Amino acid sequence: MKRTLVILSALAFAVPALAGQNAGARPTLDVPGTESGRLKNDVMEVRVDISQLNAGNAVHFDLEYDTQGLAFVDWEAGDLFADPLVFGPFDRTEQGVVDVTVATLHGAVTREKANVGVVRFRVIDPERSDVRLRTFHTGDANWEPDTIIDLGKGVGVLPASAGLIGNAPNPFNPTTKIRYALSNAAPVSLQIIDVSGRVVRTLVNGVQSAGEKEVTWNGKTDGGKDVSSGVYFMFFEADGRKEQKKMTLIR
């Protein structure tokens with residue numbers, strides 16, 4: 001039994017010019033259900049499809065996965081382009097992302113529905129085998145992004161307001177992932193502060209598009225030195241909102 005996850009095109013662009021002719025394009029993931037393909041050591045095939053593509057020369061996506069539950073195996077291009085040029089796949093294990101670009105040299109194509117390709121993973125832990133699209137965009141004749149589809153949480157729903165979600169794992173050693181949300185494009189500041197109020201690391205400082213975001217802190221200062229065990233604070237500021245949450249590093 002397979003589960004099809006429809007990714008609606010909720011668009012929010014940091015650069016309005018990228019709301020291009022493929023704004024109606026809709027990516028989908030076809031993921032095996034728990035009854036088939038999610039047993040330990042089995043190979044799980046994740047199908048990436050696209051529909052309503054209007055004159056595209058390239059497609060790029062970042063597929064996010066849990067490295068504790070899945071291990072990347074390989075990739076197979078689909079029927080989107082008759083003569084696909086594939087850049088990747090790049091398995092960015094430290095980020096938990098498989099990065100793929102598929103393109104053509106022979107002119108833009110229009111597709112009602114097509115398969116971009118299939119990503120295969122070996123299942124390490126069936127309980128941690130979920131995947132989602134982190135980014136998806138279509139490309140022009142120069143393979144530059146012409147439409148960036150901001151997927152937010154991967155279901156096309158943008159957060160109602162900016163906010164700091166928190167970090168996991170917590171306690172951690174030595175890395176943790178910090179998540180936050182933006183309801184619209186806005187300047188963002190995310191800093192790590194120690195118990196004395198001193199800023200030890202600036203993780204984000206700049207304008208970002210709307211959606212749910214994630215950044216990793218590796219337990220180091222801005223200068224690259226390891227910080228000691230103890231309590232630290234995430235200080236988040238965006239869109240007029242300021243939030244602070246506590247986390248604990250145990251070495």
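This report covers strand pairing, aromatic pairs and nonpolar cores in a predicted model.

## The four-stranded sheet

Four strands make up an open sheet, ordered β14-β13-β16-β17, with antiparallel pairing. The edges are taken by β14 (199-208) and β17 (241-249); each has a single partner strand, so one side of each has no neighbour in the sheet. On average, neighbouring strands of this sheet are turned by 15° against each other, direction ignored.

Within the sheet, β13 (residues 186-194) runs antiparallel to β14 and is joined to it by 8 bridges. In this pairing Gln 191 stands opposite Thr 202 of β14.

## The β6-β7 hairpin

Strand β6 (residues 85-92) pairs with β7 in the antiparallel sense, over 6 bridges. Asp 91 is placed opposite Val 98, which belongs to β7. The two strands β6 and β7 form a hairpin with 4 residues between them. In the turn, Gly 96 has a positive phi of about 65°.

## Aromatic pairs

The whole structure contains 7 aromatic pairs. One of them joins Phe 72 and Phe 121 in an edge-to-face arrangement, with 6.3 Å from centre to centre and 75° between the planes. Phe 72 belongs to strand β5 (residues 70-77) and Phe 121 to strand β8 (residues 109-123), so this pair ties together parts that lie 49 residues apart in sequence.

In soluble globular proteins, nonpolar side chains tend to be buried together. The largest nonpolar core in this model has 28 residues, and those with the most contacts inside it are Phe 61, Leu 63, Val 116, Phe 121 and Val 131. At least two residues of this core come from each of β2 (26-32), β3 (43-56), β4 (58-65), β5, β7 (97-103), β8 and β9 (131-139). Strand β8 gives the most, with 6 residues.

Key. Residues are numbered from 1 along each chain as its sequence is written. This is a predicted model: local features need pLDDT of at least 70, side-chain atom pairs count only at pLDDT 80 or more; totals for chains, interfaces and linings use all residues. Side-chain values use heavy atoms; hydrogens and water are left out. Two strands pair if DSSP finds at least two bridges between them. Axes are lines fitted to C-alpha atoms, for helices over the stretch in contact, and angles run from 0 to 180 degrees between N-to-C directions. Rings of Phe, Tyr and Trp (its six-membered ring) pair if their centres lie within 6.5 Å; planes under 30 degrees apart count as stacked, over 60 as edge-to-face and the rest as tilted. A nonpolar core is a set of buried Ala, Val, Leu, Ile, Met, Phe, Trp, Tyr and Cys residues joined through side-chain atoms within 4.5 Å. Buried means under 20% relative accessible area, exposed over 50%, partly exposed in between (1.4 Å probe, protein chains only).
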